[in-house]
Number of protein chains: 2
Amino acid sequence: MGSTQDLDYPQIIFQYINGFLVSKVLFTACELGVFDLLLESGEPLSSDAIAAHLGTSPSGTERLLDACVGLKLLAVEVTREGACYRNTEISNLYLTKSSPKSQYHIMMYYSNTVYLCWHYLTDAVREGRNQYERAFGNSSKDPFGAMYRSEEEMLKFMAGQNSIWSICGRDVLAAFDLSPFRHIYDLGGGGGALAQACVSVYPNSTVAIYDLPKVVQVAKEWFVPSEERQITFHEG
Amino acid sequence: MGSTQDLDYPQIIFQYINGFLVSKVLFTACELGVFDLLLESGEPLSSDAIAAHLGTSPSGTERLLDACVGLKLLAVEVTREGACYRNTEISNLYLTKSSPKSQYHIMMYYSNTVYLCWHYLTDAVREGRNQYERAFGNSSKDPFGAMYRSEEEMLKFMAGQNSIWSICGRDVLAAFDLSPFRHIYDLGGGGGALAQACVSVYPNSTVAIYDLPKVVQVAKEWFVPSEERQITFHEG
C-alpha cells in the first residue's frame, strides 16, 4: 500500500471495485450447479455439454466458466476438440453441495438476502439501521423477521451458519479451555452446529440450546439427529 | 492455490464471498463524501465530527470508518480524546471527487447500476441476456436505454468511463504506434476521454468521434472544451 506503483495504478482500488462481480460469479456458478455437475461427471466437460446439462444459455455459460477459470475455481484443458472444464481441488471440497465442508448454503444466503440489503448501505449509514424494509418490506426492527421470512429462508440461513462452523468450529472452541465445564448453554444456538462442535471437542459436556420456537423445531427436524443425547433444546 | 493450508481453510473462497461487502463499503464511503471531507479538513477527524458534517448516523458512520481502516482506505490515530481518522495517500488521489485521477464516477455507476444488474446474474446465464429489464424495467434489447435512462445517469456513465481512461489511457495508446495516422476515428467515443488521450500522445492527429446525438451533445457540453480543435463530433 502507498508504494509508488500503487499510486500510479491503484490495483487495490480496482480489486475492491470489482469485488461484487467476483462474489456473484462464485454464487451463480454454485447456484446453477456447475461444480456439482463436474464432480458427478468425473471427467472434464465442454462448455456446451455443461450448458445442455444445466439448461442454461451456451453463451452465458461459456462466459461464466471462463470467469471461474480466471478466479481459479475451475481449470480448463484445451484439446483438439475444444476447451474442457474441470473442478479444482478447492471447488470439489467447498463449492459442491454434497461435500461435508460445502459452503453452498451460506453463499446462497449471501447472494439472495445479504447482497440486496447491502445495495442500500448508504441509506443504512445515513439512518443507522438495517435495510430489511427497503430490500424485503420487513420492518427494520425485526431483523429475524426478514431472515426467517419463510421456512425455506430460515433453513437456508441456518444451513449457512452451520457451513461456516463446519470449517472453523473446532478451531474457535479449541481457543478456550472449556473442559472444566459440564453444562454449556448456547443462547440463540440456531441449527446447533456450535453445540455439535462442543460435544465433539468436549465429550463429557452437555449443551442446552435456547432459541425461538420455530428455530428449535427446524433445528430438531433438519440439523441435530434425534439420537444426540448431549444436546437439548429449549424454546424461548 | 490448492496448498494444504488453503484446503483446510479456504481463504480465497471467503475473500470471494465477501467481495461484494468490500465493494459496497468503498462505494458508500465515496458516495457519502468521507474522503472529500477529510481532504478538505486537512486534519484527522473523529467519527462523531465526520457524522455531524455528513449528516449521517453516529453508529453507522463509526462502523463504516472502521471498515475503511480495515481496507487501508483510511488510517486511524488513537489519542487520549479518542480515535481520529484521516485519508491514506491512495484515497486522496483516487477516492476524492476533486482529484484529476478520481474514480468517484465509475464507482457511483457500478454501485447504483451494475450492482443491481448483477443481482440477477443467475438469470442472465440461464437466459443468455442482460438483466436491465429485471433491474430497471428497460428492455434487454436496448442496453443503452438503461445506461442512458436519464441525462443524470448518462452523465454518470460517461464520467465513469472517463475516470478509467484518466488512469490507463496513455498506457493503452502507447501500446500501439499510431504516429503514421493523421486522422483517427473513434466509434462510440462517448465523453471523448480516449480522443483526448490520442491528441495528447499524438499531437499531430485529429480524432473524429461518432456517437448517439444525445451523447454527442453531453460530451460537447461537459467533457470536451470547445477550444479543442483536434477533436470533432459526428452524431449518428
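How many helices and strands make up the secondary structure of chain A? In this predicted model, the secondary structure of chain A comes to 14 helices and six strands.

## Chain A as a whole

Computed along its principal axes in the computed sense, the C-alpha trace of chain A spans about 60 × 50 × 40 Å. The accessible surface of the chain comes to about 11,700 Å², and 52% of that surface belongs to carbon and sulfur atoms.

Of the 236 residues in chain A, 50% are buried. Among the contacts in chain A with a separation of 6 or more, 53% are accounted for by residues 24 or more positions apart.

## Helices α12 and α13

In chain A, helix α12 covers residues 151-174 and helix α13 covers residues 193-201, and the axes of these two helices come within 9 Å and cross at roughly 35°. The residues that make this contact are A:N162, A:W165, A:G169, A:R170 and A:L173 on the α12(A) side, together with A:A193, A:L194, A:A197, A:C198, A:S200 and A:V201 on the α13(A) side. As for its handedness, the crossing in which α12(A) passes α13(A) is right-handed.

Helix α12 of chain A also holds A:K156. This lysine, A:K156, counts as buried because its relative accessible area is 17%, which falls under the 20% limit for that class. Leaving aside residues up to four places away in sequence, A:K156 touches A:H105, A:M108, A:Y109 and A:N112.

In chain B, the buried residues of helix α13 (residues 193-201) are B:A193, B:A195, B:A197, B:C198 and B:V199. These buried residues of α13(B) pack against one helix region, α12 (151-174), and against the strands β4 (183-187), β5 (206-211) and β6 (231-235), which belong to chain B.

Helix α4 of chain A runs over residues 34-41, and its buried residues are A:V34, A:F35, A:D36, A:L37 and A:L38. After α4(A) comes A:G42, a residue whose phi is positive, near 70°.

## A lysine with positive phi in each chain

Most residues other than glycine have a negative phi. Against that background, A:K72 has a phi near 65°, a positive value in a residue other than glycine, and B:K72 likewise has a positive phi of about 65° although it is not a glycine.

Where in the chain do these lysines lie? A:K72 lies in the loop between α6 (58-70) and β2 (74-79) of chain A, while B:K72 is found in the loop between α6 (58-70) and β2 (74-79) of chain B. With a relative accessible area of 49%, A:K72 is classed as partly exposed, because exposed residues need over 50%; B:K72, with a relative accessible area of 49%, is partly exposed as well.

Which residues make the nonpolar surface patch of about 370 Å²? The patch is made by A:Y185, A:L187 and A:Y210. One of these residues, A:L187, lies in strand β4 of chain A, which covers residues 183-187. Is A:L187 buried or exposed? A:L187 counts as exposed because its relative accessibility is 69%, and the class of exposed residues takes in values over 50%.

Definitions and conventions
Residues are numbered from 1 along each chain as its sequence is written. Chains are lettered from A and ligands numbered from 1 in the order in which they are written. This is a predicted model: local features need pLDDT of at least 70, side-chain atom pairs count only at pLDDT 80 or more; totals for chains, interfaces and linings use all residues. Side-chain values use heavy atoms; hydrogens and water are left out. Patches are made of residues with over 30% relative accessible area and no salt bridge: like charges are joined within 9 Å, nonpolar side chains (Val, Leu, Ile, Met, Phe, Trp, Tyr) within 5 Å. Accessible areas come from the Shrake-Rupley method with a 1.4 Å probe; for residues, only the protein chains shown count as cover. A salt bridge is a side-chain nitrogen of Lys or Arg within 4 Å of a carboxyl oxygen of Asp or Glu. Helices (H or I, at least four residues) and strands (E, at least two) are DSSP runs, numbered from the N terminus. Buried means under 20% relative accessible area, exposed over 50%, partly exposed in between (1.4 Å probe, protein chains only). Axes are lines fitted to C-alpha atoms, for helices over the stretch in contact, and angles run from 0 to 180 degrees between N-to-C directions. A crossing is left-handed if the near helix is turned anticlockwise from the far one by less than a right angle, and right-handed if clockwise. Contact means heavy atoms within 4.5 Å.
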